[in-house]
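Have a look at the sequence and the model first, then read on.

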Amino acid sequence: MTEFWSSILWFILGGVVGAAISFYFTKKSFEKQIAENPPVNEKMIRAMFMQMGRKPSEAQIRQVMRSMGIK
């Protein structure tokens, strides 16, 4: 009976350690991706409008930001 509880404890401990290691490496990978490929900002939207030959107003920029789900 002691072996059963011991094996359950080791299984749970292994799961916790595995989850912690996975979380750490996933977080590092995500931070690296964000640093290499920053999300769209207002400056990028302005440049996109200018390439299309339009001068955007602040309201248009805010509307595009909202439609993309950015603040």
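This is a predicted model: local features need pLDDT of at least 70, side-chain atom pairs count only at pLDDT 80 or more; totals for chains, interfaces and linings use all residues.

**Overall layout**

The protein has three helices and zero strands, giving the pattern α-α-α along the sequence. Helices (H or I, at least four residues) and strands (E, at least two) are DSSP runs, numbered from the N terminus. The radius of gyration is 24 Å, well over the 11 Å that the globule rule gives for 71 residues, so the protein is more spread out than a compact globule. That radius is taken over C-alpha atoms, and the rule is 2.2 Å times the number of residues to the power 0.38. The C-alpha trace spans about 75 × 20 × 15 Å along its principal axes.

**Surface**

Met-1, Phe-4, Trp-5, Ile-8, Phe-11, Ile-12 and Val-16 make up a nonpolar surface patch, together showing about 830 Å² of accessible area. Patches are built from residues with over 30% relative accessible area and no salt bridge; like charges are joined within 9 Å, and nonpolar side chains (Val, Leu, Ile, Met, Phe, Trp, Tyr) within 5 Å. Trp-5 sits in helix α1 (residues 2-36) and is exposed, at 52% relative accessible area.

Val-64, by contrast, is buried, with a relative accessible area of 17%. Its place is in helix α3 (residues 58-67). Val-64 and Glu-42 are 22 residues apart in sequence, and their C-alpha atoms are 9.1 Å apart in space.

**Charges**

There are 10 positive and 5 negative side chains, and the centres of the two sets lie 15 Å apart. Lys and Arg count as positive, Asp and Glu as negative, while His and the chain ends are not counted. Each charge is placed at NZ of Lys, CZ of Arg, CG of Asp or CD of Glu.

The count of salt bridges is two, each being a side-chain nitrogen of Lys or Arg within 4 Å of a carboxyl oxygen of Asp or Glu:

| Salt bridge | N to O distance |
|---|---|
| Glu-36 and Lys-32 | 3.9 Å |
| Glu-58 and Arg-46 | 2.3 Å |

Glu-58 lies in helix α3 and Arg-46 in helix α2 (residues 42-51), so this pair ties together parts that are 12 residues apart in sequence. Glu-58 is partly exposed at 40%, and Arg-46 is partly exposed at 31%.

Glu-36 and Lys-32 are four residues apart in helix α1, separated by about one helical turn. Glu-36 counts as partly exposed at 48% relative accessibility, whereas Lys-32 counts as exposed at 52%.

Methods: Residues are numbered from 1 along each chain as its sequence is written. Side-chain values use heavy atoms; hydrogens and water are left out. Accessible areas come from the Shrake-Rupley method with a 1.4 Å probe; for residues, only the protein chains shown count as cover. Buried means under 20% relative accessible area, exposed over 50%, partly exposed in between (1.4 Å probe, protein chains only).
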